[in-house]
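The sequence and structure follow.

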Amino acid sequence: MKSIKHIVLMVFSLLMIHACKEKEVIKEEVLRPVEYQVVGSSNAQKVRTFSGVAKAGDEIELSFRSTGIITTLDIKVGQKVSKGDLIAKLDNVQANLAYEQSVSALNSAKSAMNTAKSSMDRIKSLYEKGSNSLSDYESAKNNYQSALDQYESAKRNKSIQQSQISYGYIKAPKTGIIAAKNSQLNENVSAGQVIAILNAGDHTNIEVGLPENVINKVQLGMNPEISFSALGDKKFTGNVIEIAPIVGEGSATYPVKIDITDPTKEIKPGMTANVTFNFGNTQTSGDTALVIPVKAVGEDGEGNFVFLIESKDGTTGIAKKHRIEIGELTTAGFKIKNGLAEGQKIATAGLQTLLDGQKVKLQ
C-alpha cells in the first residue's frame, strides 16, 4: 500500500514539473516599448499645431459715451437683437440739465441779437438822415456782430448738449446676439465701460497666438486645418485674414486671426480650437536638409549616433546603433550631414537604456 502511494506521489510530481516546463516554454516575450520618428526633411518637420479660441466674426463691445446710472437694461445673454434696438439707457440727469441751460442761453443770445439788430437798423436810418454820426453807426454794427457771434455759439452749444443726451443711450449697431452682459440695472457706470458684448455677422474666426520662430512663415491667405475637441473628428478649413506686427498685450506671441471658411452652428464662441499649419508648403520654406529631434541623438567616445528601428510589421522591430554626422542646430532639431536617409525610423526616447540589436515594441 505504501509503495502504491509512493508511486502515485512520484507520478504527480513529474506531471507538475512537466506542466511548469510547458508554462516556461509558452511564456510570452516582454519587449521594451520605444517611441520612434520617421526621418524627414526640414520641410516635412514644419507641420505645427497651436491652440486658439473661437470668436464671432464681428464682436462688438457696447459702452456709453457718458457717465451715469443705468435706468434701462432689458437684455439677456443669448438674446437676439435687431439693428437700432435699445440696449441700455442712463438717467442722463447732468446731460438734461446742461441741455436745458444751453436752451436758456440760446434764447437769451437770440433776444440780445434781435435787440442789437433793431438798434443798428434805427441808428443806420438816423445816420443816413444825418441825425447820427458815423462812429455811432459803426459802434451799433459792432454790437450787432458781437451779439450774432454769441447767438451762433449758443446754437452750437445746444447741439453739443443734445448730443450728450444721446450718449446716454446704447442702440444695437448691427443685428446679432448678446454674448455677454457685464453690468446691472441701477449700476453707476463710466464712459467707455463695457456694458455688453454683441456678436454680429455670420462668420466665425479663430484667434491664435504664434511664437516668434514661426510668425514670419505665416502669410495672408494661408489655409490651416482647424479642429475642435468638443466636436470630435470634424475638420474645418481656415483662411488667415489678419497677422499682427507686434506681440499681444501681456503675451509673448503674435496674434493671428483666421476665418473659418465652412463654419457650422456647432462652433460656439469661446470653444478651444486646434490650428494646424503646414509651413512646408510656404514659399519661404526651401530647405530640404534632413532634420531629427535633439533627443534622438546620442553621443559616446566615437561620436554621435542614433538607434535605427528596423521593422517589417510596424509593431515590433530591432534597434540598431548607427553612426551619424550632425550639422546645424535648428528650432526643429539637428540637421544631418551624413548617415541617414529620408524615411528611416529612429528611436526618439530612452537612448541610454537601449542596446544594439535589442528587440523592441514600436509606439
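In which hand, left-handed or right-handed, does α2 cross α3?

## Helix packing

In this predicted model, α2 passes α3 in a left-handed crossing. Helix α2 spans residues 93-129 and helix α3 spans residues 134-166. Their axes come within 7 Å and cross at roughly 160°. Because angles over 145 degrees count as roughly antiparallel, α2 is roughly antiparallel to α3.

The contact of α2 with α3 involves 22 nonpolar residues, together with eight polar and seven charged ones. Two packed helices are described by the angle between their axes and the distance between the axes.

## Overall composition

The protein chain contains four helices and 23 strands. Of its 363 residues, 31% count as buried. Among contacts in the chain between residues at least 6 apart in sequence, 71% join residues at least 24 apart.

## The four-stranded sheet

An open sheet is formed by four strands in the order β8-β7-β5-β10, with antiparallel pairing. Its edge strands are β8 (169-171) and β10 (188-189), each of which pairs on one side only.

Strand β5, residues 68-72, is joined to β10 by two bridges, and these two strands run antiparallel. Within this pairing, G68 has V189 of β10 as its bridge partner.

S66 is located in the loop between β4 (47-63) and β5. Is this residue, S66, buried or exposed? With a relative accessible area of 13%, S66 is buried, because buried means under 20% relative accessible area.

Which residues does S66 touch, leaving aside those up to four places away in sequence? The contacts of S66 are L90, Q164, Y167, G168, S190 and A191.

Strand β12 (residues 225-228) pairs with strand β13 (residues 235-243) in the antiparallel sense, over three bridges. I226 has F236 in β13 as its bridge partner. The two strands, β12 and β13, form a hairpin with six residues between them. In the turn, G232 has a positive phi of about 70°.

How many bridges connect β13 and β14? There are five bridges between β13 and strand β14 (residues 254-260), and the pairing is again antiparallel. Across this pairing, N239 stands opposite D259 in β14.

Definitions and conventions
Residues numbered from 1 in each chain as written. Predicted model: local features only at pLDDT ≥ 70, side-chain atom pairs only at ≥ 80, totals over all residues. Heavy atoms only, no water. Axes fitted to C-alpha atoms, helices over the stretch in contact; angles between N-to-C directions. Parallel < 35°, antiparallel > 145°, perpendicular 65-115°, else oblique. Left-handed = near helix turned anticlockwise from the far one by under 90°. Nonpolar A, V, L, I, M, F, W, Y, C, P; charged D, E, K, R; others polar. Pairing = 2+ DSSP bridges. Buried < 20%, exposed > 50% of the residue type's maximum accessible area, 1.4 Å probe, protein only. Contact = heavy atoms within 4.5 Å.
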